[in-house]
There are 2 protein chains.
Amino acid sequence: MGFLEKVRNRIAVTGSRLCVGLDPRPGGGVGELRDFLARVIAETLPYAAAFKPNLAYFEAFGSAGLAVLEDTLVRIPAEVPVILDGKRGDIGETQRYYAKACFETWRADAATVNPFLGFDSIEPFLAYPGKAAYLLALTSNPGSADIQRQPCAAGYVFNLVAGFAGRARAAGLPGTVGFVVGLTNASPEVFAAVGDAPLLVPGLGAQGGDLANLAGRPPGIPDLVNVSRGILYAEPEKSFARKAHDYANQIAGRPGGNN
Amino acid sequence: MGFLEKVRNRIAVTGSRLCVGLDPRPGGGVGELRDFLARVIAETLPYAAAFKPNLAYFEAFGSAGLAVLEDTLVRIPAEVPVILDGKRGDIGETQRYYAKACFETWRADAATVNPFLGFDSIEPFLAYPGKAAYLLALTSNPGSADIQRQPCAAGYVFNLVAGFAGRARAAGLPGTVGFVVGLTNASPEVFAAVGDAPLLVPGLGAQGGDLANLAGRPPGIPDLVNVSRGILYAEPEKSFARKAHDYANQIAGRPGGNN
């Protein structure tokens, strides 16, 4: 089964396009980290179209933190897509090892990839049939103005990244190309650039993005909207399940949403 | 002691500007990985101005590979600068955890950083006094043409990255800003952009870069030239020590070099 089919199936089963971002900031050690993530996954699973562990938070604990990642990944049922958020980017020879880590060692379904080193640097992540790479096109932070939103001959630098999807198709690479587009920066101009490639959209919740910015996306594309801190740390009086439920409704435009 | 002082001291002691890149591609498992790196470090130490482990090769083995990284780091004497090559790049809130991994958990002296997410994404790596961040300005691969060498209002996209050094100075950030400039793409145009910031220069050896491309760098800047595969895997009939010795001479323009 291909990546998009897996995402579509999960969206159909849960009625949710919510990607639960696993960005744990524990005060304690790796034991606390492990228990915290086990609770988050168990509680939010019914509302999760996907999970997205961000490698930074595990790496901060060194090899012991990555061991927690490994323990955490096995808690996620096989039918739920896992997007490893590592934003890796290196030259092709080296990037193959990062792709191996994501898709063979950690068996993720998709990964975020930083495209700054050029098309040859993303190829290794697109060499795996059934897997996907979400390329950073336009992130949600203010600093996205510094490079990604700078004008160039293609329009903006993010247009250069968007063009990699066509190159991957032309090269016959088996992996699926998606894009990361921050909700705070989403616009018709960006949607025109990324076309019908699936999006991973961070920026809802703590980062203050507005779902109305997604108007104009083509129907039928299994875009995912990520919430990390909004579920893990905001409104501590609510359960993880409650927050995930409410965000799933908000994203779907159903009543009982979080807004 | 600041990062540049540590590099200058090491260059003075060894007479070498060679950075030994630790990009191990073992056929076997983590035990072989550990032993291989122990031999490389022991043999090349007298000729190494710095060591640069690339995280991809460890990450490919998962948490067990990162444990080998940790074992490897303790083999490197305290006076030898360690540059962790991870090319991490995430939004500021998350990037702090990557910086913590590099500088607190793994106690490296410097790190390579991918600047594509903008100035706010590099700040966490520049928040550590005595440490350095080498920003990817112009890498050595052909794909560097796709984004880094695209024209924009600033000249080329790599000029946008080069401008981050001045912003870091203006912001009073304590860390040292350096740049990665691939030997294959080094030119007076790039040197004008990066000014007197220290360079980490990959691309000698297997990648075929020409040291003549470094002509025109200002004197007194402790630039480092990295060789990875050229020492670890080329010419297997020679020892690691021999190859490191020869590359150190070649970089210094002394007789007995590798060319």
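This is a predicted model: local features need pLDDT of at least 70, side-chain atom pairs count only at pLDDT 80 or more; totals for chains, interfaces and linings use all residues.
The secondary structure of chain A comprises eleven helices and ten strands. Along the principal axes, the C-alpha atoms of chain A occupy a box of roughly 50 × 40 × 35 Å. The radius of gyration of chain A is 17 Å, which agrees with the value near 18 Å that a compact globule of 259 residues would have.

The arrangement of the two chains was then compared by superposition. Chain A is superposed on chain B by a rotation of 180° with 0.0 Å of shift along the axis, and the RMSD of this superposition is 0.0 Å. The two copies are therefore related as by a two-fold rotation axis. The residues at the contact are in keeping with this description, since 100% of the interface residues of chain A are also interface residues in chain B, so the copies meet through the same surface.

As to the extent of the contact, 56 residues from chain A and 56 residues from chain B take part. The area buried between the two chains is about 4,600 Å², and carbon and sulfur atoms contribute 57% of that area. On the side of chain A, the residues that lose the most area to chain B are A:Glu59, A:Tyr97 and A:Phe116, which together account for 15% of what that side buries.

Several elements of chain A each supply at least two residues to the side that touches chain B, among them the helices α3 (55-59) and α4 (63-73), the strand β3 (83-88) and the helix α5 (92-105). Of the elements concerned, α5(A) gives the most to this side, with seven residues. By residue class, the side of chain A that touches chain B divides into 26 nonpolar, 16 polar and 14 charged residues.

Salt bridges were counted both for the whole structure and for the contact. The structure holds 28 salt bridges over all chains, and eight salt bridges are found between chain A and chain B. One of the salt bridges is formed by the side chains of A:Glu93 and B:Arg25, with an N to O distance of 3.2 Å. Because A:Glu93 lies in helix α5 of chain A, whereas B:Arg25 lies in the loop between β1 (18-22) and α2 (30-44) of chain B, this pair joins two chains.

Definitions and conventions:
Residues are numbered from 1 along each chain as its sequence is written. Chains are lettered from A and ligands numbered from 1 in the order in which they are written. Side-chain values use heavy atoms; hydrogens and water are left out. Contact means heavy atoms within 4.5 Å. Buried area is the accessible area (1.4 Å probe) that two parts lose on being put together, summed over both. A salt bridge is a side-chain nitrogen of Lys or Arg within 4 Å of a carboxyl oxygen of Asp or Glu. Helices (H or I, at least four residues) and strands (E, at least two) are DSSP runs, numbered from the N terminus. Ala, Val, Leu, Ile, Met, Phe, Trp, Tyr, Cys and Pro count as nonpolar, Asp, Glu, Lys and Arg as charged, and the others, Gly among them, as polar. Copies are superposed by least squares on the C-alpha atoms of residues with pLDDT of at least 70 in both. The radius of gyration is taken over C-alpha atoms; the globule rule is 2.2 Å times the number of residues to the power 0.38.
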